[in-house]
Amino acid sequence: MTLMDYPEKLAAVVFTKGCNFRCRFCYNPLLVWPDKEADAKKYEKTYSLIPEDEFFLFLESRRGKLDGIVISGGEPTLQLDLPDFIKKIKSMGYQVKLDTNGTNPKVLSSLLADNLLDYIAMDLKAPLTKYEKIVGVKVNCQNLEKSVKMIINSGLPHEFRTTVVPGLHEVSDFVAMGGTITGAAAWYLQKFKSDTPLVDHSWEKKPAFSSAEMEQMAAVGRNYVKKCEVR
């Protein structure tokens, strides 16, 4: 349960496994590589799978107590049954927030057309010219741009968020990123967390930007979006 992940809602978060990015600073390695046995055994209590029936029994027991459900990952749009999953959730009276990396605009378009989403959050990893360096795989940046435009024009509450990492990001990057999401409702900058297992273990224990440096980047972001804050 969370008061942070769905603005102004009391929500629960469900994480889907599997991701098409390999961000070195990602702190959900077992969602990126769900079948990596050595790490899976080491962190099995943290990453245990939940049967779908059990999940919906949980939702049934929280009727009237929870406002919404956040579907996160990993990358939820990789799940072929995502629309049906959301329909079941919404049939129980819950609002749905989707966390996505924006790589599947066709899936996003379908979910929007069927009125299955109430809030959208998209990760903006870097300037488009640096995306592949940050995420560790080939990227179709046109798909990212399509998703950005779709989200901003959706009429739904939305946000973009960037995990800011020393050695990967610098202040000048936020001019290019801001240009990509000009006119968005909100952009949140998140401090790099290295005190937990990461996709790339060599990045563990590395320092984050200072609060003053983060605020400097947020100040740049405010030139492009309605709200840019550090969280």
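This is a predicted model: local features need pLDDT of at least 70, side-chain atom pairs count only at pLDDT 80 or more; totals for chains, interfaces and linings use all residues.
**View 1. Helix 3 packs against helix 4 at a right-handed crossing.** Helix 3 covers residues 52-61 and helix 4 covers residues 82-91, and their axes come within 10 Å, crossing at roughly 25°. Angles under 35 degrees count as roughly parallel, so that's the label this pair gets. On the helix 3 side, the contact is made by Glu52, Phe55, Phe56 and Leu59, while helix 4 brings in Phe85, Lys88 and Ile89. Sort those residues by class and you get 5 nonpolar and 2 charged, with no polar ones.

**View 2. A cis peptide bond links Gly73 to Gly74.** Omega sits near 15° here. To find the spot, look in the loop between strand 2 (68-72) and helix 4, where Gly74 lies. For background, most peptide bonds are trans.

**View 3. Glu8 shows a positive phi.** The value is near 65°, and this isn't a glycine. As a general rule, most residues other than glycine have a negative phi. Glu8 belongs to the segment before strand 1 (11-15). Is its place in the model buried or exposed? Glu8 has 82% relative accessibility, so it counts as exposed.

**View 4. Asn115 is another non-glycine residue with a positive phi.** Its phi is about 55°. Asn115 is in the loop that runs between helix 5 (105-113) and strand 4 (119-123). With relative accessibility at 61%, Asn115 counts as exposed, because the cut-off for that label is over 50%.

Technical notes
Residues are numbered from 1 along each chain as its sequence is written. Side-chain values use heavy atoms; hydrogens and water are left out. Axes are lines fitted to C-alpha atoms, for helices over the stretch in contact, and angles run from 0 to 180 degrees between N-to-C directions. Helices (H or I, at least four residues) and strands (E, at least two) are DSSP runs, numbered from the N terminus. Angles under 35 degrees count as roughly parallel, over 145 as roughly antiparallel, 65 to 115 as roughly perpendicular and the rest as oblique. A crossing is left-handed if the near helix is turned anticlockwise from the far one by less than a right angle, and right-handed if clockwise. Contact means heavy atoms within 4.5 Å. Ala, Val, Leu, Ile, Met, Phe, Trp, Tyr, Cys and Pro count as nonpolar, Asp, Glu, Lys and Arg as charged, and the others, Gly among them, as polar. Buried means under 20% relative accessible area, exposed over 50%, partly exposed in between (1.4 Å probe, protein chains only).
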